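Trainee: Please take me through one part of this model in detail. I would like a close look at the salt bridges and at what surrounds them.

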Amino acid sequence: MAFRSNLKSVLIDLSGTLHIENEVTPNAIEALNRLRSTNLKIKFVTNTTKESRRILHERLTKLGFDIKQDEIFTSLWAARDLVKKESLRPMYFLDDAAMEDFEGFKSEDNINAVVIGLAPDKFNWNNLTKAFRLLLNGAKLIAIHAARYYKSPDGLSLGPGPFVKALEYASGTEASIVGKPASNFFCAALDKVKPTEAVMIGDDVRDDVGGAQALGMKGYLVKTGKYRDNDENKIDPAPYKTVNNFSEAVDDIISSLNDSS
């Protein structure tokens, strides 16, 4: 089925879709260049919390991608906006490379929030117990995202989601999730483009595709990154299309645009 002529925007996941650590997925650089030859608005949306947007942009540029820093919309920045808006003083579960995005929003006193991202070295008994006690005393629990797992060079690894769930269960507190699949995150990334005028390309069937389609976008699931066999059958409705990689998704989008012209 070809797209209607109202397609205006493409949201693209990064880790697992365009690259895995420092390895580019098949033909992704060339595919992005082909997509830029259209008139479609492109935005890169990521739940990556391991590094600041600046560091992430530098790494993607070194890999060969033609990406501007302001085209990247991260869950870290969405969390930063929430911390600023609500004047929060969080305890952070974040890697040091990510804390750059929270300059000016650090405090050791009167902590009233717990912000959780991907920080494997900080998920220990002492830190989790401290966070648990803060939550019991009324602190706000913020999950930058709650992914179950992610793709690392040596295989799938636990994401922050299981630790968020553990704190929710222990404290009786419900986390505010600011990254994918939260509707507010997608709407902010779309920036006034209607969901029905956009598509999402990603490797996470729930957070990327499921979250996008819940708003009315079409979702492409790529079989790279964290994709596992039969992931396309884990959500209802199923992904608009399941393809081998980002390059194939781009080919299908361009082909559909040509068919509808």
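Trainee: To begin, in which helix do Glu58 and Arg54 both lie, and how many residues apart are they?

Mentor: Both lie in helix α2 (residues 53–63), four residues apart, about one turn of the helix. Helices here are DSSP runs of H or I with at least four residues, strands are E runs of at least two, and both are numbered from the N terminus. A word on the source: this is a predicted model, where local features need pLDDT of at least 70 and side-chain atom pairs count only at pLDDT 80 or more, while totals for chains, interfaces and linings use all residues. Residues are numbered from 1 along each chain as its sequence is written, and side-chain values use heavy atoms, with hydrogens and water left out.

The side chains of Glu58 and Arg54 form a salt bridge, 3.0 Å from N to O. The term covers a side-chain nitrogen of Lys or Arg within 4 Å of a carboxyl oxygen of Asp or Glu. The structure holds 18 of them. Glu58 is partly exposed at 37% relative accessible area, and Arg54 is partly exposed at 34%. Buried means under 20%, exposed over 50%, and partly exposed in between (1.4 Å probe, protein chains only).

Now take Lys180 and Asp208. Their side chains meet in a salt bridge of 2.7 Å, N to O. Lys180 sits in the loop between β11 (176–177) and α6, and Asp208 in helix α7, so the pair ties together parts 28 residues apart in sequence. Both residues are buried. Shared partners join Asp13, Lys180 and Asp208 into one network of salt bridges.

Next comes Lys41 with Asp191. Their closest N and O atoms are 3.4 Å apart. Lys41 is in strand β4 and Asp191 in the loop between α6 and β12, and the two are 150 residues apart. Lys41 is partly exposed, at 34%; so is Asp191, at 43%.
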